[in-house]
Amino acid sequence: MNFLTKDRGGEAICLLLLLATGVALLVGAAALPEPMFDPLGPAGLPRYVGYLLLVLLALRLVSLFRESRAAPAAEADAASPEARRPAGAGTGEGPQRLRFALVALITLAYLTALTVGGLSFTWLTLAFLAALGAAMSDLSARKLIIVGVIAAVMSFALTYTFTDVLSVVLPE
Amino acid sequence: MPLLDAFVNVLAPAPMFFIFLGVLLGIVVGAIPGLGGAMLIALLLPVTFYMDSVLALMLLVSIYVGSVSGGLITAIMLKMPGTPSAVMTVLDGHPMAQQGRAGRALSLGIMASFVGGIVSWLFLALLSPPLADFALKFGPYELFTLVLMALVLIATVAEGTLVKGLLIALFGMAVAMVGPDASSGVMRLTFGVDSFAGGFSLLPVLLGVFVISQIIEDVLKKELPIQQQGGRLTEFMPSAGDVRKHGPNAVRSSLIGTWIGVLPGVGSAIAAIVAYTTTKSFSKHPETFGTGEEAGIVAAESSNNASVNGALIPLGIPGSVIDAILIGALVIHNLQPGPLLFTNSPEIAYGVIAAALVANFLMAALMFAGVRPIARIATISRAYLFPTIIVCCVIGVYSLSNSMSSVWVMMVFGVLGFLFRRGGFPVGPFVLGYILAPLAEKELRSGLMLYDGSLMPLVTRPISLFFILLTLVLALWPLVQARIKARQATRSEGRQAARPGRG
């Protein structure tokens, strides 16, 4: 599987995910009852889609294998120290990943708090909007003030619009 | 005259307000790089639960019209296509802006968008009822093969390879199959997980794949300061001479856009590429394309707008991702998408047609009036936008079932969408696969029951045979094209290698 690991990490993960889906479809379809009302039955389409997924995955792997063999020069280039440098290195992607981790953490905390419940939606949303806005900004005073104002206005405006105007029950 | 009645209804204050709102929001969102019509329509779906169905559809269609047009502003002023359909507009629009002709580029783009919208609307209004009648004659196998064609077509034209497009479409179909089987009620592919028992609802999947994944993608990218170039808006209003000079190109490109829009699975970005290439090949000065050629902007903008109305022509199969979401909106409002809409809910079908025309007029008026502020909105920092968008997604999805589990499903699909984008898989075919899987399964099973389990009618019935052959041609054409190109390249290399020997 060497050909999948060079510059193709993202695709490799997707292919594994698709492989798992194909297998899950076939396993799930095998557990379904035989058709009762029509010749296809509930297992028919999942089975066909599962087989088709596996066939196409095999085709993709073959073409990846061919590509990697057909371009040995490119492989050599990829092995050079410059090419081995992580994508985006020197272009500021490192700090972006840190920022992304912070954004993910704040979002997860917000969703977990909403799931657990017990806190006011409006205040929780205000804190979330302010924290996330700050995490995404360059932390200049001007931007932080705007983020704070937006957080305050939007948290109350959204709560009012959805509960009082649209009669939506919000998480509490 | 149902269309006339629809116009009378549309011109009332409430529909006009929602059409105006939709066009305005669409233009703004279309102008903001990273956001787009699909994202906004998906985001607003939960809000439309609480609206009258006709008004809801008018709002969504107006957003569609506005968003396809809004992309041209940032494409010209900032060299950033707000939507994929504006990619071809960048090629000549931005060079014109750099030459100090931003106003001219914008006015031509807006005029072309308007012409595209009007030409294709005529087709929408004239062709929809007879096409709907014709499509009603389709049996289950005809509809099944039409769905297959749509899936193959979008996989063919989507970014990446055909195999990748098909793989992601099949993944979308797999996701749609989780939950109770529509015919027998048997639980499928739940693997004993209670949360899977209801299947994956449209809204969390759509918002996850389109909105959350896009936010993840954008957060991982460094936000660059955006500066307007060529901002002087001189020679802004188009003249009669412009109409004479660019009229034929605008109409030709509009016709191309309309017919590409009609094709299932192909959207406005492809329409713009085909029309641009066609105009370039017709031009006496093809070398000027890409350097600020006015005809390039006219071709790209008239065709991408025309494809919107073309895609609304009701075969019941979505022509683009936004159409797939609009079909989802119809389903959410308990309406039957496709040709039956004209029979069962004519007020919706004709209301949408009337709204599309009004939206085009409003789009042109708003764009001419508000280019400068809209271009400024497009430079808003994501620190101000994204947190509010996430909260709107959470509220929208939560309101679907009053449960946070749907919100978590949305987040999971957001991560999946992001992974697929990073892996070079287009997400458009995923949505089409997800939306079309139930239809494909229903029609296949109906066909099998109707013909005693035989698949032969797939090839003996002329329309389904036509769709199968077309699907095969579409699927195989890229391979044939690649083979031809490779052979031509080998030949030209051979000739070049032979030349020095002769000398």
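A polar contact is defined here as a pair of N or O atoms within 3.5 Å; within protein, one atom must be able to donate a hydrogen and the other to accept it, and residues adjacent in sequence count only if both atoms are side-chain atoms. By this criterion, 3 residue pairs, with both residues at pLDDT 80 or more, are in polar contact between chain B and chain A. The model is predicted, with local features needing pLDDT of at least 70 and side-chain atom pairs counted only at pLDDT 80 or more, whereas totals for chains, interfaces and linings use all residues. Residues are numbered from 1 along each chain as its sequence is written, chains are lettered from A in the order in which they are written, and side-chain values use heavy atoms, with hydrogens and water left out.

Helices (H or I, at least four residues) and strands (E, at least two) are DSSP runs numbered from the N terminus. The side of chain B that touches chain A draws at least two residues from each of helix H8 (162-177), strand S2 (187-188), helix H9 (202-220), helix H16 (382-401), helix H17 (404-422) and helix H18 (428-450) of chain B. Of these, H16(B) gives the most, with 13 residues. This side of chain B comprises 40 nonpolar, 8 polar and 9 charged residues, where Ala, Val, Leu, Ile, Met, Phe, Trp, Tyr, Cys and Pro count as nonpolar, Asp, Glu, Lys and Arg as charged, and the others, Gly among them, as polar.

In total, 57 residues from chain B and 62 residues from chain A take part in the contact (heavy atoms within 4.5 Å). The buried area, that is, the accessible area (1.4 Å probe) lost by two parts on being put together and summed over both, is about 5300 Å² between chain B and chain A, with carbon and sulfur atoms giving 83%.

B:Arg445 pairs with A:Asp38 at 3.2 Å, N to O. A:Glu11 and B:Lys164 form a salt bridge at 3.5 Å, N to O; A:Glu11 lies in helix H2 (residues 9-30) of chain A and B:Lys164 in helix H8 of chain B, so this pair joins two chains.

For B:Cys392, the nearest cysteine sulfur is that of B:Cys393, 7.1 Å away.

Methods
Salt bridge = Lys/Arg side-chain N within 4 Å of Asp/Glu carboxyl O. Disulfide = S-S within 2.5 Å.
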